[in-house]
Amino acid sequence: MARKAAVIAVCGHEAAYGRALEGRLGPDVDVVPNGRALFRAAAARLRRGERVVVVPMTLGREPGLVADTARTLRAVPDAGRGAVLLAEPFGTAQHLVAWLRAAAGRVPTDSALLVAAPSGDPFEDAELHRVAALVRRYGRHELVEVAFDGGDPDPAGGVRRCALLGAERVALLSASFAAVDPGGAGPVPVADAGPLVPDPALRRVLDERVADAHRRRDEHGDDGITTGLAAADHHGHAHTHPPGDGHGHSHGHDHGPAHGHPHEHGPGTGHRHHHHPSAAGADLGIRSIA
């Protein structure tokens with residue numbers, strides 16, 4: 001009889017190290033920060049005879065979380081032989097653009113958009129500027145600015161900048177799992193556009209990542225950990241299709257054990273080693289769940 005699989009959502013600063021996801025992923029999901037908490041959670045599940053699937057809860061700005069998670073899992077006793085699987089990240093920067101575009105679509109076009117997220121390292125913060133530029137390029141809002149919780153400008157400073165640039169109202173778009181605090185009364189009205197990914201969609205995408213991890217192990221013998229160790233070198237797992245975007249094509253590269261093969265990707269299936277850079281159509285598969 002197959003052992004029950006436990007799901008662990010490992011969190012970094014995009015999810016406030018787990019605080020932003022507490023109670024949102026369902027009662028059967030462990031929500032932990034990386035490091036000692038992840039090690040203990042995985043070891044405890046293994047002692048109870050459960051398989052473990054770990055999903056890095058990044059939206060594409062925290063590639064180091066994937067590699068750090070892989071290093072932690074490699075140190076867990078009895079983690080071999082497919083007992084512990086490292087899933088692909090919850091989202092990529094392409095997903096983030098699409099989810100933000102979906103959120104922006106609910107905001108009147110005469111509002112400025114303030115895309116805000118927790119501050120990371122300089123490369124992660126630069127990535128948010130790139131994401132915001134794509135939201136503006138493929139959206140309907142003329143003014144799209146960026147702010148960082150714990151960085152410069154902070155959300156209050158971002159609101160002031162929007163006002164200085166002529167905005168009469170501002171909509172806050174969270175580019176993380178956490179809500180954005182605009183920091184009190186500002187020079188113009190500020191509206192919160194709501195969570196980036198609603199709770200039902202959070203759980204559906206998480207389920208997709210878990211199912212893909214099982215499929216990758218069953219079909220290719222790949223537990224995801226070895227690939228995850230190099231994730232930061234390639235800015236995270238190289239590519240995941242938007243949830244619900246099924247497609248078929250051929251690959252001439254490895255997926256786990258050495259073999260290239262044509263195959264179909266069902267809805268929400270992710271895979272690695274190539275990119276689809278166009279953000280213009282990125283939200284086609286996501287808009288239905290955001």
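**Entry 1: Alanine 15**

I began with alanine 15, which lies in the loop between S1 and S2; helices (H or I, at least four residues) and strands (E, at least two) are DSSP runs numbered from the N terminus. The model is a predicted one, in which local features need pLDDT of at least 70 and side-chain atom pairs count only at pLDDT 80 or more, while totals for chains, interfaces and linings use all residues. Residues are numbered from 1 along each chain as its sequence is written, and side-chain values use heavy atoms, with hydrogens and water left out.

I then listed what alanine 15 touches: Ala20, Leu21 and Phe177, not counting residues up to four places away in sequence. A contact here means heavy atoms within 4.5 Å. I also noted that the C-alpha atoms of alanine 15 and alanine 178 are separated by 6.0 Å, although these residues are 163 residues apart along the chain.

I looked up alanine 16, which is found in the loop between S1 and strand S2 (29–33). Alanine 16 is not a glycine, yet has a positive phi of about 50 degrees. With a relative accessible area of 16%, alanine 16 is buried. Tyrosine 17 is found in that loop between S1 and S2 as well, and has a positive phi of about 55 degrees although it is not a glycine. Tyrosine 17 counts as partly exposed, at 45% relative accessibility.

**Entry 2: Aromatic pairs**

I asked how many aromatic pairs the structure holds. There are two. Rings of Phe, Tyr and Trp (its six-membered ring) pair if their centres lie within 6.5 Å; planes under 30 degrees apart count as stacked, over 60 as edge-to-face and the rest as tilted.

The rings of phenylalanine 90 and tryptophan 99 have centres 5.8 Å apart and planes at 25 degrees, so I recorded the pair as stacked. Phenylalanine 90 and phenylalanine 177 form an edge-to-face pair, 5.4 Å centre to centre with 75 degrees between the planes. Phenylalanine 90 lies in the loop between strand S4 (84–86) and H3, and phenylalanine 177 in the loop between S7 and strand S8 (190–192), so this pair ties together parts that are 87 residues apart in sequence.

Ring pairs link Phe90, Trp99 and Phe177 into a cluster. I checked the burial of each member: phenylalanine 90 is buried at 0% relative accessibility, tryptophan 99 is buried at 1%, and phenylalanine 177 is buried at 7%.

**Entry 3: Nonpolar cores**

I asked which residues have the most contacts inside the largest nonpolar core. They are Met57, Phe90, Leu100, Leu173 and Phe177, in a core of 47 residues. A nonpolar core is a set of buried Ala, Val, Leu, Ile, Met, Phe, Trp, Tyr and Cys residues joined through side-chain atoms within 4.5 Å. Among the elements that each supply at least two residues of this core are strand S1 (5–11), helix H3 (93–104), strand S7 (170–174) and helix H6 (199–220).

I followed leucine 100 further. Leaving aside neighbours within four places in sequence, leucine 100 is in contact with Val115, Val131, Val135, Leu173, Ser174, Ala175 and Leu196. A second, separate core has 21 residues, including Ile8, Val10, Leu46 and Ala79.

**Entry 4: Two further local features**

I found the peptide bond from aspartate 152 to proline 153 to be cis, with omega near -5 degrees. Proline 153 lies in the loop between S6 and helix H5 (155–164).

**Entry 5: The chain as a whole**

I counted seven helices and 10 strands in the protein chain. Of its 290 residues, 54% are buried. Among the contacts with a separation of 6 or more, 72% are between residues 24 or more positions apart.

The mean pLDDT of the protein chain is 83, and 78% of its residues reach 70 or more; pLDDT is the predictor's confidence in each residue, from 0 to 100. Over residues 234–290, pLDDT stays under 50, and the model has 139 contacts beyond four places in sequence for this stretch.

Definitions and conventions. Buried means under 20% relative accessible area, exposed over 50%, partly exposed in between (1.4 Å probe, protein chains only).
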